Amino acid sequence: MPKPKLAVLSGAGISAESGIPTFRDANGLWEGHDVMEVASPQGWQSNPELVLEFYNQRRKAALNAVPNRGHEILVELEQWYDVTVITQNVDNLHEKAGSSKVLHLHGELFKSRSTVDESLVYQMSGWELNLGDYCEKGSQLRPHIVWFGESVPMMDDAARLSRAAEVFIVVGTSLVVYPAAGLLNTIGPEVPKYIIDPNMPSISSMPNLFLVEKIGSAGLTEVKERLLRSYGL
Ligand code: APR
């Protein structure tokens with residue numbers, strides 16, 4: 001028997017317990033910057049040095065971060081489910097925890113890419129990316145991040161996975177950024193949908209919706225217990 005398909009949409013909140021701050025807690029500012037200054041094509045055009053430095057600092061902070069109990073539970077669920085994690089997070093904590101299928105909707109902090117050929121993507125070993133770091137075609141490298149106003153190339157794959165899901169978990173996202181937030185609307189009515197967040201985002205009512213108003217580790221502990229009970233475990 002194939003394992004049932006479980007899709008997870010995760011956001012910044014799941015990494016909060018690993019010491020990586022969420023985005024929308026400080027009046028729309030990230031580390032004191034307007035988001036458009038550091039996370040948009042216009043910001044990159046007008047001050048690439050600032051953008052590179054902003055991501056260098058975030059990379060530095062993420063380098064030593066360790067996954068928390070929430071990330072671990074998603075790995076444990078692979079014993080019973082065919083789990084795919086669709087994450088809006090650019091950190092690599094799902095991979096560090098051991099999740100085997102992770103789709104990064106908004107890019108990856110530890111990858112860089114060419115500014116002339118977006119198919120040229122490079123794994124980074126350290127935390128620094130600077131002006132003068134070039135791709136193999138001789139153009140400046142930029143963070144491999146989906147900025148505001150850019151298209152989301154992984155969206156079709158994410159929508160396909162959501163439509164195929166037999167169980168869906170949303171954890172630690174304010175559900176305000178589209179198209180990611182729209183994934184909820186692609187899920188079948190019969191599919192159980194668990195939403196875990198200590199400050200529950202407003203969600204239009206839909207069938208089989210279970211709201212778990214808790215932080216990631218506690219909420220996922222509860223959801224794991226409920227899912228295993230459905231297996232008689
Ligand atoms: N556990 C679970 N959830 C938490 C925790 C926690 N310990 N702490 C905070 N949260 C919740 C908040 O209540 C909020 O609903 O996590 C959510 C974080 O929301 P955002 O900061 O908006 O992050 P996210 O939804 O991932 O942002 C989406 O927007 O900034 C862009 O591209 C960026 O991927 C990001 C996207």
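1. Let me start at the domain boundary: domain 1 and domain 2 share 1 residue pair in polar contact, with both residues at pLDDT 80 or more. Polar contact here means a pair of N or O atoms within 3.5 Å; within protein, one must be able to donate a hydrogen and the other to accept it, and residues adjacent in sequence count only if both atoms are side-chain atoms. On the side of domain 1 that touches domain 2, there are 6 nonpolar, 4 polar and 1 charged residues (Ala, Val, Leu, Ile, Met, Phe, Trp, Tyr, Cys and Pro count as nonpolar, Asp, Glu, Lys and Arg as charged, and the others, Gly among them, as polar).

2. A word on the model: it is predicted, with local features needing pLDDT of at least 70 and side-chain atom pairs pLDDT 80 or more, while totals for chains, interfaces and linings use all residues. Residues are numbered from 1 along each chain as its sequence is written, and side-chain values use heavy atoms, leaving out hydrogens and water.

3. Domain 1 covers 1–20 + 67–106 + 151–233, and domain 2 covers 21–64 + 112–145; these bounds come from an automatic or database domain assignment. Contact (heavy atoms within 4.5 Å) links 11 residues of domain 1 with 9 residues of domain 2.

4. Now for the ligand: 21 residues surround it, the closest being R24, H106, T173, S174 and D197 (a residue is near if one of its heavy atoms lies within 4 Å). Ligand oxygen atoms lie 2.5 Å from a polar side-chain atom of S174, 2.6 Å from a side-chain N or O atom of D197 and 2.8 Å from a polar backbone atom of A12.
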